[in-house]
Amino acid sequence: MEPTTLQMNLVAKSLVLLELQRGGPTLGEDLVALVEERCSAMAMRRPDFDFVQWAQTPIWGLFETFSESGYVTHSGPSRMDDHEWCVARITITPRGEQFLQAAEREAGLLFEVLSAKVAPLAAVG
Amino acid sequence: MTTSIKDTVHGYIELDDFEKKVVDSPWFQRLRRVRQNDVCSFVYPTMLTTRFEHSLGAMHIAGECLKAALEDRTSSGSVRGFLQQLGAELSSAVDVKQPLDALALFALRATRMYGALHDIGHPPYSHLIESCYTPSDIGVPGGVKDRWHETNGAEIVQSLLPQAVAATGDNADVLKTVAHLSSKGVKTPALRAIKQLVDSVIDADRMDFVLRDGRNSGSDFGIYDLRRLVNSFRIHVVDVQGTVQAVAIRPLSTALSAIESLIQERYKIYRWVLFHHRVMQSRALMSYVLAKTSDDTEFDRRQFQAKNYVPTENPKPGQKAYEYVLLGDGIVDQHLDKHLRRLRALKRTLSVDEQRLLSALKILILRDNLGIPLWKRTDEYNGLRERDSFETKLREAFQNVSPPPPDDRIRSKHGSYANWVAAALARAGHSHEREITDAINSGCDGTEWYLLESPSFKPAGDDRILRKDGSGGLRPDNLSDVSSIASAVTEARSRDVHLFAFCFVNAPVTDAQAKQIKVDGRKRLAEVIAAYYQNSEVVRLDFDPPA
């Protein structure tokens, strides 16, 4: 069955939050690099995967959404541009963790694809 | 040698030889065929601003702002500090001359060129087309930081344009600097300050389009004192023990009246023109038609990839680039026209999908009155407090859900249920919007429903302006802390209805039928949204962020 746009959106968001969950507080530019790396691997497994399309925004918009939704906290000012996100330290919150758990339940098989691709990357690393 | 171009807003815009060469290139000339405001002219017939004239205007204003800041005699220390810092930032990338007057000239040229090229990658119908096709649809690499018009723009500025104009020496360095300014995350203070002249809130981009779109819309919006604002730009350098920490090139608070007018007028243009309910309806219908005709192989989506216009088998600079000029709004218009003709020529009974597509095309092209908005403006929405209104239906629909939505917070924070829903859609990156639209339409026959949220728009943002301190120096302040008008406009925007909903029907209906369709539509929409909220934990998280 084809995934819904909501499920695709959940996976794109989860991809970023999972990096934060694994790595702890992370500088924005380091997080972008990690997400880029993960997206490349993800695209090999799912040729239709496109981060901006699935997230419906470039990563800066997602950072803003996470901040407004209380999924992350950051060390920068209240509203930030892309540069300020790059130099801010971003931390996932308990609410962000709660989102990840809910997303995993609701994205179903699509989320499993995301989880499955972590292992080979870790092995390479 | 300069060339003057007559402009409706700025009088004459002067170009030096290299700027003329860039403007004459196919990459820039294409912008003549791309409208600044996609479908706005469907509703406001004179709203035909092109990205060509706007780009020239942004170039002109960006240069004037920097020139005013550089020429101010009272802040010569800051000017020197900025130029020295700029020289240090540029030295590793380009071959700049170190005397300060040469650096000032280079900064002016790069700033003007950045203003000119800031929209160079926009496809026909700009963001509207971009939201319909993925990077893989058009054949550009997907990324996480950019939309594909930015990927196209970067390709043009970094590679295609320098080849086409055979840029060498200083000219090549100007384009190289513009390519850097166009990228995300410009980190160094002097270049970041230049970037903000074109890309912030009080910037050359907005200063131009507010005047231009206000005038072209035929409304009386868009008037503010441009000259006063431009002349107020100053340079402020924060230097700690000889190291430059930050540079700001921002307007002075002495021009606050002009700044406030700019913000107010921009808000009016968005509220009454860009977010007009029929403009929003046209945008949704265009997206619908493009999605429903996506299997039409004659409409090659790879044509939107800028790189395609220089053949790889014979990479002679500029070759075949002229064809890129043809990639304007007309390409999309022809596609729509073709499908209108095709469907009207079919002799058999149309399928439900074909009938819906035909209705959408009739509204867009023939202006048939087949669209029915659930509400038009904020005042109308606010008037819908009587029985059977959307607001009432939403409240009723949510009464039985568990857990109950935070009614008091919805009232205090969003003003209305509609804005609460719209805010949730925005946080969800519009995915919920599509899901809800699909859910409304499942089971409906003959009537197609659409739900859409007006694009994110922060009237005043968190831009900064400069104030004189007691000792004659300057200090940056948040605009919202200085201007009560800026805060009021932000507040007014938050009270507007951000949610648009409409349907389109296959044949004209009577007023009484239209009224019944609205009542039924509001009820169905309320039920679908409530069910959506109830059935998904992640949806509830998005609908109810922490205070």
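1. Two strands count as paired here when DSSP finds at least two bridges between them. The elements themselves are DSSP runs, numbered from the N terminus: helices are H or I over at least four residues, and strands are E over at least two. This is a predicted model, in which local features need pLDDT of at least 70 and side-chain atom pairs count only at pLDDT 80 or more, while totals for chains, interfaces and linings use all residues. Residues are numbered from 1 along each chain as its sequence is written, and chains are lettered from A and ligands numbered from 1 in the order in which they are written.

2. Strands β7 (residues 464-468) and β8 (residues 474-478) of chain B run antiparallel and are joined by 5 bridges.

3. Now for the open sheet in chain B: its 3 strands come in the order β5-β9-β6, with antiparallel pairing. β5 (371-373) and β6 (447-453) of chain B are the edge strands, each pairing on one side only. From one strand to the next, the twist averages 25°. β5(B) pairs with β9 (residues 499-505) of chain B over 3 bridges, and B:I372 has B:C503 in β9(B) as its bridge partner. Helix α20 (residues 417-427) of chain B packs on this sheet, touching β6 and β9 of chain B, and its direction makes about 90° with that of β9(B). For the record, axes are lines fitted to C-alpha atoms, for helices over the stretch in contact, and angles run from 0 to 180 degrees between N-to-C directions.

4. Which strands stand at the edges of the chain A sheet? The sheet is open, with 3 strands in the order β1-β3-β2 and antiparallel pairing. β1 (26-27) and β2 (72-74) of chain A are at its edges with a single partner strand each, so one side of each has no neighbour in the sheet. β2(A) and β3 (residues 89-92) of chain A share 3 bridges, with A:T73 opposite A:T91 of β3(A).

5. On to helix packing. α15 (residues 329-345) and α16 (residues 352-366) of chain B pack at about 125°, their axes 10 Å apart. That makes α15(B) and α16(B) oblique to each other; the classes are roughly parallel under 35 degrees, roughly antiparallel over 145, roughly perpendicular from 65 to 115, and oblique for the rest. Their crossing is left-handed, a term for the near helix being turned anticlockwise from the far one by less than a right angle, with clockwise giving right-handed. The residues in contact (C-beta atoms, placed from the backbone, within 7 Å) include B:L336, B:L340 and B:L343 of α15(B) and B:L357, B:L361 and B:I365 of α16(B). By class, this contact has 8 nonpolar, 1 polar and 2 charged residues. Ala, Val, Leu, Ile, Met, Phe, Trp, Tyr, Cys and Pro count as nonpolar, Asp, Glu, Lys and Arg as charged, and the others, Gly among them, as polar.

6. How far apart are the axes of α5(B) and α10(B)? α5 (residues 100-117) and α10 (residues 189-198) of chain B have axes 9 Å apart and an angle of about 40°. They are therefore oblique to each other, with a right-handed crossing. B:A107, B:A110, B:T111, B:Y114 and B:G115 of α5(B) meet B:I194, B:L197 and B:V198 of α10(B). That contact divides into 6 nonpolar, 2 polar and no charged residues.

7. Last, the contact between the chains: chain A gives 33 residues and chain B gives 30. On the chain A side, the elements giving two or more residues are α1 (5-23), α2 (28-45), α3 (51-55), α4 (59-69), α5 (82-87) and α6 (94-107) of chain A. The largest share, 6 residues, comes from α6(A). The chain A side splits into 14 nonpolar, 11 polar and 8 charged residues.

Technical notes. Two residues are in contact if their C-beta atoms, placed from the backbone, lie within 7 Å.
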